[in-house]
Amino acid sequence: MGTLKLELKGITKRFGSLIANDAIDLVVQSGEIHSLLGENGAGKSTLMNVLYGLYEPSAGQILVDDRPVTFNGPSDAMAAGIGMVHQHFMLVPVFTVAENVALGNEATGTGGILDLEQTRRKIRDISAKYGFDVDPDAVIEDLPVGVQQRVEIIKALVRDARILILDEPTAVLTPQETDELIDIMGQLKAAGTSIVFISHKLREVKAVSDRITVIRRGKVVGTAEPSASTTELASLMVGRSVSLTLDKAPARPGEETFQIRNLTVMNDAGQALVDNVTFSVAKGEIVAVAGVQGNGQTELTETVLGLRKHVHGSILLDGKELVGRSVRQVLDSGVGFVPEDRTTDGLVGSYTIAENLVLDLYGKKDFSRGFTLNRAAIAKHAAAKIDEFDVRTGSAEAPVATLSGGNQQKVVLARELSRPLKLFIASQPTRGVDVGSIEFLHKRIVAERDQGTPVLIVSTELDEVLELADRIAVLYAGRLMGVVPGDSSRDLLGLMMAGLNAEEAQAHLAGPDSARATTTEGEPA
Amino acid sequence: MSDNRAAPEAAEAASAAPAASAGEADLTGTGTAASPGAAPGQGNRILREIMSGNALVSVLAVVVALVIGGLLIAVTDERVGAAAGYFFARPGDLFGALWASVSEAYGALVRGATYDPTARTWLGQLGIFETLTIATPLILAGLAVTIAFRAGLFNIGAQGQIILGASFSAAVGFGWNLPPVLHLLAVILAGAVGGAIWGGIAGVLKARTGAHEVIVTIMLNYIAINLIGYLLKSPLKDPNSSNPVSPALHDSAVFPLLLGPNFRLHAGFLLAVLAVIAVAWLLNRSTLGFELRAIGANPSAARTAGMVVSRGYIIVMLIAGALSGLAGVAQVAGTEKSLDAEVAGSIGFDAITVALLGRSTPWGTFFAALLFGAFKAGGTSMAVNANVSIDIVLVVQSLIVLFIAAPPLIRAIFRLKSASSRGAAA
């Protein structure tokens, strides 16, 4: 064991004519948490795949404890003490934790019989040492994502990893799980494990790092101390100055044209996913639905769109009932809808950008005559929207799957905002989107509000909620914990997200133990 | 902080999982295909990969299949065996014999399928028209597989749909008395309706109950095969024949021959070409095609965009069934002129191969069907003129399927770059 120093010298990786990594130098000192910050597609993951032996570098050198090494595969990297936790877990869902940890590294007794007890013991040891709380006999598919991630970390530790690469580990985690992961990283560091932390989330990077290396377009563009401001980091990452705070005029709410009354939505088993929720959104106002992922937000928006069965209660838009209508009817009544997951629900990956821009408009007389698509009109529409929303693409005829996440999201937003709306709903409008695009997307959403459209946002990112919302509705276990002003404190929202209603939460904050009740160690909004 | 952690972890986990796909790894074509919303499963993803591989893979699969077929022809040729016996004395003889054997066989195949200047009669010289005749039902049934696939359904049921279409059109063809043109139109329509019913059953079951179309269509094939056996025992049987065949269709009910009585090529071929054009228009230019393709590529996104996925499934299976039904019409009213239990031959299954080879595009399917027509037409000539068993054609056809089904194999042989390796660079 012992700590380990890692050095990358002039690592270059080419894919054909594309240079994914361009002469990257990186030193990870033993026992430090070193963050690799960069936008999606900047080359972070490529670099780590080179380090882990998955890609062969086109040029450059890897040094472990000042000795040059070459890795022909992950097994070489593991033997050198490097472990990696991929963004997408490499676990067999139907196996137990112990079986997964043993996989590829099976301890065997006499006659080659599998000795799982030995693995179980190791898991319990590591679990106790770092407070992982992982049962070696639990089946993977029954575990929450955060625990699955810990299993991945255990896998690396069982193989004596002294440097751990975490590739976008927080992308799949809830805010609570993220906090727990940050704790774990601290403990690992204290025990002498070096960590390379890959992320594009500034807040987390600042919270955990000893040092930060920023990568842009395959090159190291700078290093920073965690004390650097988020604006500085963001500017370094994007390559131009970025404003992280939104210039937003105060809302001028008009008539409450969108009303949800006593809405209850059940699943097939009869459990309430949305439980007797009542609130409304006024014209020219943004209401954000906050809550930890999986507390009924997704179901709420899907119900408005008409995708859900077992709906009780009433959803009124301009006095007209939306419950019981088809998706097409809801869209036609003037609802713009940005789904939570653009890749599964918002876009058809193999369709061109132009086609995706009319995915729910192709039947309108602007884009078709009778049964025939009006290709010319669709192309013209695409050109206009690509220009208006600054979608970075070579051609409107390129498959939308070739775009970056931010540009894909722009396509979805462009489509949904390209007709006169009476209600605009956006779920996770900036999830997986680079910083530069977030700014743009937020501005467009506020612009829609300023035109007098009622806007409903769902986001699990508290930053985003606080940035956009004029009022905030908090959901917990499908129930509405209350609707509070947009400038409410993080502490208040955190308590409500954990299941206290607005009054209880306020009372709690006024009480003597309020000091402990912070949600995340964020900078002031 | 501790208060906040009280949130229900199980509930989080359930819906946090999809968030993984929204992370750094942006969607690729195949990634979208595996969208969880409609649960197409891994099997479907593999099928999709096979069905939508690039044209080069199709062409190379044919080339490799022909090369291996050539080897088989060579090793079974006596001259080659004889020359191999004194290989070390005169090695040139072996290669000469190899070349002679393979080039004779494939030469005969190509001439038989297209134009053979050596044939004694000018009728025999023009094998190309036989190729077109054999290709006609394959084009139509191939389209039935193609269009269903574009909407995300794997239609294995062309065979049953052909049988139903053939039965309906035969019943109208010998059972009704109508003026010439009208009668043929009625026969065509009846065939389309018969096929559409059979396809529609699978579509409705898929849409309403989620029954997997592969299972349903396979079972419907069996039902159709036994149904035609029954129909030819009593209701549709020719009373004057001791065999299980229907009476001959009236003259007014059959496709006119395009090139006089010496060639079998009939107007059904024109119908097939029209069908290719219609399907190409439907898929690429119409609003319905836009919906169907969206449903096939990403049903969740289609649903969110207001399309009704279940309706799309029903519509596309009705269309696919109608196209297969037309293939049945081409058999009954084109070449056979009556109905028997073998009316569909292996067309319904060859249609799947044809659609595969044509990468599930209408014109790709058209040319793949022509190729298969040529194999069949030329195979006879090969057997007669080069003394090579006609079975070798079947072997080549099977090899084509094998190589198309294993695109990585073809890529490895020709060192092509795979589509997915480009994604890794992003």
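Let's start with a pair of neighbours: strand 7 (residues 163–167) and strand 8 (residues 194–199) of chain A run parallel and are joined by five bridges. On strand 8 of chain A, Phe197(A) is the bridge partner of Leu166(A). Keep in mind that this is a predicted model.

Helix 5 (residues 145–158) of chain A packs on the sheet and touches strand 6 and strand 7 of chain A. Its direction makes about 165 degrees with that of strand 6 of chain A. Helix 8 (residues 230–238) of chain A also packs on the sheet, touching strand 3 (33–37), strand 9 (211–216) and strand 10 of chain A. The whole sheet is open, with six strands in the order 6-7-8-3-9-10 (chain A) and mixed pairing.

## A four-stranded sheet in chain A

Next up is an open sheet of four strands, ordered 12-11-14-15 (chain A), with antiparallel pairing. At the edges sit strand 12 (272–281) and strand 15 (320–321) of chain A, each pairing on one side only.

Strand 11 (residues 258–266) and strand 12 of chain A pair over six bridges in the antiparallel sense.

## The largest nonpolar core

The largest nonpolar core holds 275 residues, and Leu140(B) and Ala144(B) touch the most other members. Helix 15 (residues 309–336) of chain B gives the largest share, 15 residues. Setting aside neighbours within four places in sequence, the contacts of Leu140(B) include Ala272(B), Leu323(B) and Ala330(B).

Key:
Residues numbered from 1 in each chain as written. Chains lettered and ligands numbered in written order. Predicted model: local features only at pLDDT ≥ 70, side-chain atom pairs only at ≥ 80, totals over all residues. Core = buried A, V, L, I, M, F, W, Y, C linked by C-beta atoms within 7 Å. Buried ≥ 20, exposed ≤ 12 C-beta atoms within 10 Å, placed from the backbone. Helix = DSSP H or I, 4+ residues; strand = E, 2+ residues; numbered from the N terminus. Contact = placed C-beta atoms within 7 Å. Pairing = 2+ DSSP bridges. Axes fitted to C-alpha atoms, helices over the stretch in contact; angles between N-to-C directions.
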